[in-house]
Amino acid sequence: MHYNYNSEQDLFRDSLRKLFKQQYSYEFFREQIKSKQESAPAIWQQLLDFGLFALPFGSDFDGLGDDPGYALAAMEELGYGRVLEPVLATILMPGALLNAADNSSITNGLIPQFMAGGSTIAVAWQEAAAGFKPEEMATSATAEGDEITINGEKVCVLSAPAAQQLIVIAVDQLQQANAYLLDADAPGVTLTAYQTVDGASAANITLQNVVINKSAQLFNSAPLHKLQSVLAYIHLALGAEVVGMAERLMEITAEFCKTRFQFGQPIAAFQAVQHRLADMQIATQKLQSLFWFALDAYAAGDYIPVNMLKAEIGASGVAIGQSAVQLHGGIAMTDELSVGAYLKRILAIELTMGQREEHLESIAGSLSGELEQAPA
Amino acid sequence: MVNDIDLEAFRQEVKQFLADNARPEILEAGRKSTSAFAPFKEVMAWQKILADKGWAAPSWPKEYGGPGWNIFQRYIFSEECARARMPTLLPQNVQMIGPAIIGYGTAEQKAQYLPRILTGEDFWCQGYSEPGAGSDLASLKCKAEREGDEFVLNGSKTWTTYAHHANKMFALVRTDSTGKLQRGITFILLDMDSPGLEVRPMLGLDGEYEQCEVFFTDVRVPVANVIGQIDDGWSVAKYLLEFERGGSAYGAALVPAFERLLQVCNKADNRGRRAMDKPGVRRQMSDLYIQLRALEHTEKAVNSKLSHGDNPGPTASMLKILGTEVMQLFSEVQVRVAGFDALPLQTEALHVGSPVAEIGSGDFLTAMPYYLNSRAASIYAGTNEIQRSLLAKAILAQ
């Protein structure tokens, strides 16, 4: 059990922090939002130069993904700098699914191509009613002969508008969840594109009688187990991003309280303000502690602590964002200050891949001996 | 660095020792503990057993009688003690006065006091708070006037836990009132049977005598009993307070307690219904579990950065807030789960060796007194309001 990144990961993190500090100001962020560009080519290219495509892949593909610490360190910095670049949506999510895939007819060709930046893939996972648990998806994959027909509706598919391919999570006739690769412009795929409140590019997707070849199924054995593992990886990545945001919000807010004068003194002199800052610090620490706990458990194949981290984002994470706004007062209600951008992102994460209440229920299921993870 | 296999072996060694040495009355005292302060006679007997084994002071440096464990071993030890429901050693000896003497005592003082602190031959109480000096501890007035080689004490102390059981006291007294409040305070050791010293126990919310008032009328104490410098006791007190706040592992005790509560929640009644089937209980237990794990790993993360004898500094304030508030949350969830079982007043049945039968399932005998007593957690060792101010000071100093 460790409570820090290793020294190599720390160096990687420092490089990213430096890059974002120098080139990703809040003004730059606002320009990106205004122009509805979640990715800036100059920044993206530098991220690729850092080797970000190596993050989700294991050593079989010369990747760094056997230790998730690198990907998580990157997510923490994206959070800290409030960077829009779609690393999670276009690298980590599809990458983790491909890395877990055991269908070599897909992976042999696609993974090298993907890692070289030659294919953009979005992951169509969540559904409005069914939520985020793979085994509960309503989207169906009906096999007949050599063909599979996909039907369903996916929501908030991040980076879908620019994607060439989609990986869709769906259940087959036996209610077995799996993941399917298809072209984003395949007949029957309809996108409603939009910008999310936190500045991401996304789409709701209707899949109507989309026919694919049977070889487009990612998982042959233990599909649910693999999907749950990828899901835990995504939750961890979101957790790392929130940890980074919490750390930055603490700094911004403490600095503001020292320099904002009211009643002839810095507002940091007021005990009510001090105690709110202390609570923000405690909330930040809780998220950090749960993050390391979840990472350790994830490596051992236990995902309940990951649920705990995700659930706590909905309490401590949201509280940190709200307190930052409260302590800044009116100025935080404007777009001119970055604090609101952090709050929006934290809220978006709370609403993504299962809200606090859903994760609490998963934890309760585990505590009461009802819920078990899918066998490997 | 101890690897995982060694830690597992260590855990087994601890479990075995506890199983071999847990006498029935000691276990009963553990089961009937309703606060941080276990029944006196039994917990001191347990301390003696641990001292004989060399395990009474896990956090002390080896040269003074610590076992030389790393932080993970210490945590495992606390956890297994809690899991076996051993009474928790009274903190005054090993967690408070011990570190103060190790940090500030002379070689003679160390040789004189430390062995008896370990065995429990001496039991110490803490003379800090006064009727007029609680959170504002530096405003304390209990006066010590120098007469030759002695100080003459006059005044009073309060919230002196277990003073009625103690034969020794470490106290903060005012030796100079001319300068800044924090100056002129002296940290001094004294005997509880000193002429002129009087103890008055107070009945607590939970029906037990834990807290006392102590009155001093011309109590004579040798100047040689001062720890640190005369007039500079505040440094010793601050050092000790940070140990008091940060030193204990709340999570290590609460996680096994949670496991026991969960077991009760998962137990079906004669109609097959479990507390864990109720949505409200499921939600409270899940949230509590998250808070417990967050606490546990915060303690481990902070402690893993400290080596033996290091002072945790301002982080101690965070650990104190988090530890006590999660403990209070636990006490609240437990009393809600207990429901009607928490209502019978069972002061008699709670005494070790009591012939009075317990009312109810027996799962919740301590739930209500523990809940009531836990209210003190956010008050003692510097209120959580004081801790939040200290924590904010550290945040704003960056």
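Tutor: Helices are DSSP runs of H or I of at least four residues, strands are runs of E of at least two, and both are numbered from the N terminus. In chain B, residues 233–246 form helix α7, and L240(B) has its place there. The model is predicted: local features need pLDDT of at least 70, side-chain atom pairs need 80 or more, and totals for chains, interfaces and linings use all residues. Residues are numbered from 1 along each chain as written, and chains are lettered from A, with ligands numbered from 1, in the order of writing.

Student: Which word applies to L240(B), buried or exposed, and why?

Tutor: The test counts other C-beta atoms, placed from the backbone, within 10 Å of a residue's own: 20 or more is buried, 12 or fewer is exposed, and anything in between is partly exposed. L240(B) has 28 such atoms and is therefore buried.

Student: What does L240(B) touch?

Tutor: Contact requires C-beta atoms, placed from the backbone, within 7 Å. Setting aside residues up to four places away in sequence, L240(B) touches M96(B), P99(B) and A100(B). As for K110(B), 130 residues separate it from L240(B) along the chain, and their C-alpha atoms are 16 Å apart.

Student: Where does S135(B) lie, and why is S135(B) called exposed?

Tutor: S135(B) belongs to the loop joining β1 (124–127) and β2 (143–147) of chain B. The count for S135(B) is 12 other C-beta atoms within 10 Å, so S135(B) is exposed. Apart from neighbours within four places in sequence, S135(B) is in contact with G382(B), T383(B) and I386(B).

Student: Which residues make up the meeting of α10(B) and α12(B)?

Tutor: From α10(B) come S317(B), M318(B), K320(B), I321(B), T324(B) and E325(B), and from α12(B) come N384(B), Q387(B), R388(B), L390(B) and L391(B).

Student: How many residues of this contact fall in each class?

Tutor: Nonpolar covers Ala, Val, Leu, Ile, Met, Phe, Trp, Tyr, Cys and Pro; charged covers Asp, Glu, Lys and Arg; the others, Gly among them, are polar. The contact of α10(B) with α12(B) accordingly has 4 nonpolar, 4 polar and 3 charged residues.

Student: What are the domains of chain B?

Tutor: The bounds come from an automatic or database domain assignment, which gives domain 1 (7–89), domain 2 (124–231) and domain 3 (247–396) in chain B. Between domain 2 and domain 3 of chain B, the C-alpha centres are 31 Å apart. Domain 2 of chain B gives 4 residues to their contact and domain 3 of chain B gives 7. On the domain 2 side, the residues are 1 nonpolar, 2 polar and 1 charged.

Student: How many helices and strands has chain A, and what does its C-alpha trace span?

Tutor: Chain A has 11 helices and 9 strands. Its C-alpha trace spans about 80 × 50 × 40 Å along the principal axes. Of the 376 residues of chain A, 51% count as buried. Among contacts in chain A with a separation of 6 or more, 72% join residues 24 or more positions apart.

How values were computed:
Two residues are in contact if their C-beta atoms, placed from the backbone, lie within 7 Å.
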